[in-house]
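Please walk me through how the features of a protein model are read, beginning with the general idea and then turning to the case at hand.

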Amino acid sequence: MSTPALFNVAGKVVVVTGATGTLTGSAADYLATQGARVVYLGRSQSKLDTALAKIRGAHPAAEVLGLVADVSDRAALERARDAIVAKWGRVDALLNGAGGNQPGAVITPDKTFSDLDFAAFEQVIDLNLHGTVLPSLVFTPALLASNSASVINYSSASVARAVTRVVGYSAAKAAVDNFTRWLAVEFGRRTKGTVRVNALVPGFFLGEQNRRLLTNEDGSLTSRGQSICAMTPFGRFGTPDELHGAIHYLVADASKFVTGTTLVVDGGFGVFSGV
Ligand SMILES: NC(=O)c1ccc[n+]([C@@H]2O[C@H](COP(=O)([O-])OP(=O)(O)OC[C@H]3O[C@@H](n4cnc5c(N)ncnc54)[C@H](O)[C@@H]3O)[C@@H](O)[C@H]2O)c1
């Protein structure tokens, strides 16, 4: 059965930053299996080689490209953009996936806000906020060359309601949400809808960054992991594939009139009072 046009992403040129991560890598691989031309941007050539070998092994027809680009490195992003435009002419979707936390910007139970490592706080703002703004800026000409483009920023469940400990990460992701709305209006007015901008709000998904916070060595839940599952009506963490549908929708023309929104994928965490 062929994919309905609304949801057809075949041939769309999709750029994923931080593409060798848990959620990002899963999204990049999924879109490649759907016929999108996927550009994996990452900091490590060897990790990119491994990711590309994996997807090509599983899907020999996958049209994928791996390019080294740190999201804080404007020149590297520009080189990547130019290589992509030379190969495929435009960018139809930009997934600003690179993001994460720093130990010093987390207030562990034995610490108080007064112990905050401000340099680590700044690094977290730098990666999550500046690391979303700069790729968006650099890829703008390539997005404008598309007749239907989508920017997808990665927000967090810690924006709408305070999540203990993660002070820097929450502030950075809140700013990403605001930037999402700002850029949606800017592109909306400028392109009359050709380029839309939305944010994905994943709830809690186990990845390399949060595994030690949420699970013990034997795989059982830490008390924080238990609290999160208790606050999630579905009673569990999400799995990376459970973001695919939302991402597919935002990349596809099915979301053609959707801009400036946040799409929450969290098993109900964000709406549950806990009672
Ligand atoms: N896992 C979750 O539960 C969760 C929840 C909400 C939001 N998010 C967000 O979703 C996005 C993807 O999360 P993930 O779980 O795949 O994280 P991840 O850590 O597995 O992947 C992030 C990737 O970004 C890369 N990266 C870090 N700094 C970079 C830089 N300067 N330049 C380029 N790449 C860089 C890392 O190497 C890594 O490959 C992140 O923005 C994260 O904050 C994750």
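Q: What should I know about the origin of the model and its numbering before reading any value?

A: This is a predicted model, in which local features need pLDDT of at least 70 and side-chain atom pairs count only at pLDDT 80 or more, whereas totals for chains, interfaces and linings use all residues. Residues are numbered from 1 along each chain as its sequence is written, and side-chain values use heavy atoms, with hydrogens and water left out.

Q: How many helices and strands are there in the protein chain?

A: Helices (H or I, at least four residues) and strands (E, at least two) are DSSP runs, numbered from the N terminus. In the protein chain there are eight helices and seven strands. The radius of gyration is 18 Å, close to the 19 Å that the globule rule gives for 275 residues, so the chain is as compact as a globular protein of that length; the radius is taken over C-alpha atoms, and the rule is 2.2 Å times the number of residues to the power 0.38. The C-alpha trace spans about 50 × 40 × 40 Å along its principal axes.

Q: What share of the residues of the protein chain count as buried?

A: Buried means under 20% relative accessible area, exposed over 50%, and partly exposed in between (1.4 Å probe, protein chains only). Of the 275 residues, 48% count as buried. Contact means heavy atoms within 4.5 Å, and among contacts between residues at least 6 apart in sequence, 73% join residues at least 24 apart.

Q: Are aspartate 29 and histidine 244 buried or exposed?

A: Aspartate 29, found in helix H1 (residues 22-33), is buried, with a relative accessible area of 14%. Not counting residues up to four places away in sequence, aspartate 29 touches Tyr40, Lys54 and Ile55. Histidine 244, in helix H8 (residues 244-251), is buried as well, with a relative accessible area of 13%. With neighbours within four places left aside, the contacts of histidine 244 are Ser26, Ala27 and Tyr30.

Q: Which residues of H8 are buried, and what covers them?

A: An α-helix has 3.6 residues a turn, so residues three or four places apart point the same way. H8 is mostly covered, with six of its eight residues buried, namely His244, Ala246, Ile247, His248, Leu250 and Val251. Their cover includes H1, strand E1 (13-16), strand E4 (93-96), E5, E6 and strand E7 (262-265).

Q: Where do arginine 165 and lysine 192 lie?

A: Arginine 165 is in the loop between strand E5 (149-154) and helix H5 (167-191), and has a positive phi of about 80° although it is not a glycine; at 24% relative accessibility, arginine 165 counts as partly exposed. Lysine 192, in the loop between H5 and strand E6 (195-202), has a positive phi of about 55° although it is not a glycine, and lysine 192 is exposed, with a relative accessible area of 71%.

Q: Which residues line the second largest pocket?

A: Rolling a probe the size of a water molecule over the atoms shows where empty space is left. On a 1 Å grid over the protein atoms alone, with a 1.4 Å probe, a pocket is an open set of points with protein on both sides within 12 Å along at least five of seven lines, and lining residues have an atom within 4 Å of a point. The second largest pocket is lined by Arg161, Ala162, Val163, Thr164, Phe204, Arg224, Ser227, Ile228, Met231 and Phe269.
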